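Work through the following exercises with the model open beside the text.

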Amino acid sequence: MVAQKKIAFYAPLKSPFHPIPSGDREIARMMMQALKLAGFKVDLISEVISYQKRPQQELFDRRRKDVLAEEKRLRTLWSQDRDQIPHVWFTYHPYCKSPDWLGPTLTKDFGIPYVTAEACRTRQGLPTDWLAGRRSVRDAVIQADCNFVLKDTDWHYLQEIIPDMRTAIRMKPFLNSAGQPAPTPPGTSLFDNQFPVLFAAGMMRPGAKMQSYECLANTLKRIQHLQWNLIIAGEGPERQQVAQLFNFVAEDRLQMLGSVAHEHMFAIMDQSNIFVWPGIGEAFGLVYLEAQSRGLPVAALDTAGVSLVVSQGIGGLLSPAGDLSAYAASIKSLIENTALRNRLGTDGRRQVLKDHDIPAVAAVFKQVIETLPIISR
């Protein structure tokens with residue numbers, strides 16, 4: 001009888017200890033925390049990555065070589081000392097740009113249960129782009145003893161591969177409220193006026209993120225006659241273009257903070273009144289859960305996975321995708337109606353802490369992983 005199962009955690013996209021903050025990094029960290037809370041001993045088995053931003057044969061070959069070298073290292077280690085072999089292998093977020101080339105082979109050869117979380121497919125690029133990665137993810141998902149699913153799109157993807165869905169386990173996106181810093185003292189303000197503070201946060205890069213910035217700027221232009229302040233947190237290659245998008249906002253009512261450490265984001269949320277990130281292309285957006293957990297109502301578009309973490313009329317107001325008039329009207333109502341802001345802030349926080357906090361996810365992990373077979377030493 002094993003007192004505590006050892007989980008080998010692996011994130012082929014980005015290490016949970018990577019210095020640059022991102023949603024993927026934070027979710028990977030919380031996955032590890034949830035597994036520990038469930039009673040498992042969790043170790044990051046490797047920091048080797050397979051990620052390619054764009055299909056490029058030279059980079060593909062280099063990544064593959066790195067992974068094969070890491071596989072050889074672990075294989076040698078485990079063969080020499082069987083106590084080093086984990087009881088379960090857990091891979092977070094394998095997809096075509098960052099397939100798991102490490103886990104499936106090792107778990108099969110050493111008889112270890114294999115688990116994935118947030119395995120998915122991207123529609124980016126041509127059908128032939130990342131073809132080898134797509135095949136690898138498909139094979140990994142089929143082999144897995146369990147696939148934890150957070151999003152509807154990922155569920156539909158798995159249905160194409162595993163018709164009976166016997167290994168698919170649905171779970172809600174989540175955060176770790178206990179790991180957040182204490183609330184900022186009341187009365188603290190980043191502006192010299194008392195106007196409501198709108199807060200947006202997103203990486204400044206081409207694609208969906210830039211589309212969200214453009215959407216927000218065009219929406220706020222429709223209500224620029226109202227009195228409000230705007231804080232933007234984010235950095236990236238499109239920073240100058242983002243700054244130009246919001247040049248219609250008076251200098252004393254706009255703060256562009258650049259890159260903000262994750263632990264400092266909560267103080268900004270505490271000093272804001274409305275979270276206004278549109279959410280184009282967001283898988284679900286951890287930042288929406290974090291905003292609501294601080295009592296900050298959300299104004300966003302009902303697009304991609306936003307509705308998985310923001311309930312209409314409970315934690316915020318969701319507008320139809322592409323309808324800037326409706327989106328402007330939602331933000332306007334939150335600017336002008338303090339009671340509405342307070343109600344959505346209170347109700348959203350209550351729901352997030354009840355349904356999306358880490359203890360609920362830890363319970364799911366414990367229930368499922370405890371049923372997996374333990375290898376003999």
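**Exercise 1: confidence**

What is the mean pLDDT of the chain, and what share of its residues reach 70 or more?

Solution. The model is a predicted one, in which local features need pLDDT of at least 70 and side-chain atom pairs count only at pLDDT 80 or more, whereas totals for chains, interfaces and linings use all residues. Residues are numbered from 1 along each chain as its sequence is written, and side-chain values use heavy atoms, with hydrogens and water left out. The pLDDT is the predictor's confidence in each residue, from 0 to 100; its mean over the chain is 92, and 98% of the residues reach 70 or more. Among the elements (DSSP runs numbered from the N terminus, with helices being H or I of at least four residues and strands E of at least two), helix α5 (residues 152-161) has the lowest mean, 90, while strand β10 (residues 274-275) has the highest, 98.

**Exercise 2: aromatic pairs**

Find how many aromatic pairs the structure holds, and describe two of them.

Solution. Rings of Phe, Tyr and Trp (its six-membered ring) pair if their centres lie within 6.5 Å, and planes under 30 degrees apart count as stacked, over 60 as edge-to-face and the rest as tilted. The structure holds twelve such pairs. One of them joins Tyr10 and Trp89 edge-to-face, at 5.9 Å centre to centre with 65° between the planes. This pair links distant parts of the chain, since Tyr10 belongs to strand β1 (residues 6-10) and Trp89 to strand β3 (residues 88-92), 79 residues apart. Tyr10 counts as buried because its relative accessibility is 0%, the term meaning under 20% relative accessible area, with exposed over 50% and partly exposed in between (1.4 Å probe, protein chains only). Trp89, at 0%, is likewise buried.

Another edge-to-face pair is formed by Phe148 and Phe365, 4.9 Å centre to centre and with 75° between the planes. Here too distant parts of the chain are linked, with Phe148 in strand β5 (residues 146-149) and Phe365 in helix α12 (residues 358-369), 217 residues apart.

**Exercise 3: the nonpolar core**

Which residues touch the most other members of the largest nonpolar core?

Solution. A nonpolar core is a set of buried Ala, Val, Leu, Ile, Met, Phe, Trp, Tyr and Cys residues joined through side-chain atoms within 4.5 Å. The largest one has 90 residues, of which Phe90, Phe246 and Phe365 touch the most other members. Helix α1 (residues 23-37) gives this core its largest share, seven residues. A second, separate core of 18 residues includes Ala8, Leu74, Trp101 and Ala144.

**Exercise 4: a strand and its neighbour**

Decide whether strand β8 (residues 229-233) is enclosed or open, and name a strand that pairs with it.

Solution. Five of the five residues of β8 are buried, so the strand is largely enclosed by the rest of the structure. In a regular strand the side chains alternate between the two faces of the sheet. In β8, Asn229, Ile231 and Ala233 point one way and Leu230 and Ile232 the other way, and all are buried. Strand β7 (residues 197-201) pairs with β8 in the parallel sense over five bridges, where pairing requires that DSSP finds at least two bridges between the strands. Phe199 stands opposite Ile231 in β8.
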